[in-house]
Amino acid sequence: MADDTLLEFPTEFPIKVMGAATDEFRSLAIGIVTRHFGTLESSRIEERPSSGGKYLGLTFTVRAESKAQLDAVYTELTSCRQVLVAL
(Lines give C-alpha, C1' and ligand atoms only; values in the text may rest on other atoms or scores of the structure.)
Protein backbone atom coordinates (compact mmCIF):
# COMPACT_ATOMS: atom_id res chain seq x y z
CA MET A 1 0.00 0.00 0.00
CA ALA A 2 1.39 3.43 -0.95
CA ASP A 3 1.73 6.26 1.55
CA ASP A 4 -1.28 8.58 1.42
CA THR A 5 0.33 12.01 1.29
CA LEU A 6 0.35 15.08 -0.88
CA LEU A 7 4.01 15.72 -0.07
CA GLU A 8 6.79 14.84 -2.49
CA PHE A 9 9.94 13.57 -0.80
CA PRO A 10 12.52 14.67 -0.01
CA THR A 11 11.04 17.96 1.17
CA GLU A 12 11.81 20.85 3.50
CA PHE A 13 9.27 20.60 6.31
CA PRO A 14 8.59 22.80 9.37
CA ILE A 15 7.93 20.99 12.65
CA LYS A 16 6.40 23.24 15.31
CA VAL A 17 6.61 22.27 18.97
CA MET A 18 5.40 24.11 22.08
CA GLY A 19 6.12 23.55 25.76
CA ALA A 20 7.20 25.28 28.95
CA ALA A 21 9.89 27.92 28.50
CA THR A 22 12.65 25.91 30.19
CA ASP A 23 16.09 24.71 29.16
CA GLU A 24 14.88 21.16 29.85
CA PHE A 25 12.06 21.45 27.30
CA ARG A 26 14.34 23.06 24.71
CA SER A 27 16.95 20.30 25.10
CA LEU A 28 14.30 17.57 25.03
CA ALA A 29 12.67 18.86 21.83
CA ILE A 30 16.01 19.37 20.08
CA GLY A 31 17.07 15.87 21.14
CA ILE A 32 13.95 14.25 19.72
CA VAL A 33 14.16 16.08 16.39
CA THR A 34 17.90 15.43 15.96
CA ARG A 35 17.39 11.72 16.66
CA HIS A 36 15.21 11.58 13.56
CA PHE A 37 16.91 14.14 11.29
CA GLY A 38 20.48 14.54 12.54
CA THR A 39 22.07 17.71 13.85
CA LEU A 40 20.44 20.88 12.57
CA GLU A 41 22.19 24.17 11.93
CA SER A 42 21.06 26.88 14.35
CA SER A 43 19.56 28.80 11.40
CA ARG A 44 17.06 25.93 11.00
CA ILE A 45 15.73 26.29 14.57
CA GLU A 46 13.50 29.25 15.45
CA GLU A 47 12.49 30.08 19.01
CA ARG A 48 9.48 32.20 19.96
CA PRO A 49 8.58 32.79 23.60
CA SER A 50 4.92 33.43 24.47
CA SER A 51 3.94 36.98 25.34
CA GLY A 52 3.96 36.12 29.04
CA GLY A 53 7.19 34.15 28.79
CA LYS A 54 5.66 30.98 30.23
CA TYR A 55 5.79 28.96 27.00
CA LEU A 56 8.30 28.47 24.23
CA GLY A 57 7.52 27.70 20.60
CA LEU A 58 10.19 25.99 18.53
CA THR A 59 10.12 25.57 14.76
CA PHE A 60 12.53 23.07 13.24
CA THR A 61 12.92 23.18 9.47
CA VAL A 62 14.02 19.68 8.50
CA ARG A 63 14.70 17.82 5.29
CA ALA A 64 12.22 14.95 5.44
CA GLU A 65 13.02 11.89 3.35
CA SER A 66 9.71 10.05 3.84
CA LYS A 67 6.27 10.12 5.44
CA ALA A 68 7.42 7.37 7.79
CA GLN A 69 10.22 9.62 9.06
CA LEU A 70 7.74 12.43 9.79
CA ASP A 71 5.30 10.00 11.42
CA ALA A 72 8.07 8.71 13.69
CA VAL A 73 9.15 12.14 14.93
CA TYR A 74 5.53 13.21 15.55
CA THR A 75 4.83 9.97 17.43
CA GLU A 76 7.79 10.59 19.72
CA LEU A 77 6.98 14.28 20.21
CA THR A 78 3.32 13.71 21.03
CA SER A 79 4.14 10.89 23.47
CA CYS A 80 6.39 13.23 25.47
CA ARG A 81 4.65 14.79 28.49
CA GLN A 82 6.64 18.04 28.27
CA VAL A 83 5.44 18.70 24.71
CA LEU A 84 2.12 20.53 24.86
CA VAL A 85 1.60 20.86 21.08
CA ALA A 86 3.32 19.42 18.02
CA LEU A 87 2.25 20.60 14.56
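Biologist: Which residues of α2 are called buried?
Modeller: In this predicted model, the buried residues of helix α2 are Gln69, Leu70, Val73, Tyr74 and Leu77, where buried means under 20% relative accessible area, exposed over 50% and partly exposed in between (1.4 Å probe, protein chains only). They lie on the same side of α2, because they cover an arc of only 125° around the axis, taken from the directions from the helix axis to the C-beta atoms. Thr75, Thr78 and Ser79 are exposed, on the face turned away from that buried side.

As to the ground rules, residues are numbered from 1 along each chain as its sequence is written. Local features need pLDDT of at least 70, side-chain atom pairs count only at pLDDT 80 or more, totals for chains, interfaces and linings use all residues, and side-chain values use heavy atoms, with hydrogens and water left out.

Biologist: What covers the buried residues of α2?
Modeller: Their cover includes β1 (11-20), α1 (23-37), β3 (55-64) and β4 (83-86); helices (H or I, at least four residues) and strands (E, at least two) are DSSP runs, numbered from the N terminus.

Biologist: Why is Thr59 counted as buried?
Modeller: Thr59, which has its place in strand β3, has a relative accessibility of 5%, and therefore counts as buried.

Biologist: How do you know what Thr59 is in contact with?
Modeller: Contact means heavy atoms within 4.5 Å, and, leaving aside neighbours within four places in sequence, Thr59 is in contact with Pro14, Ile15, Lys16, Arg44, Ile45, Glu46 and Arg48.
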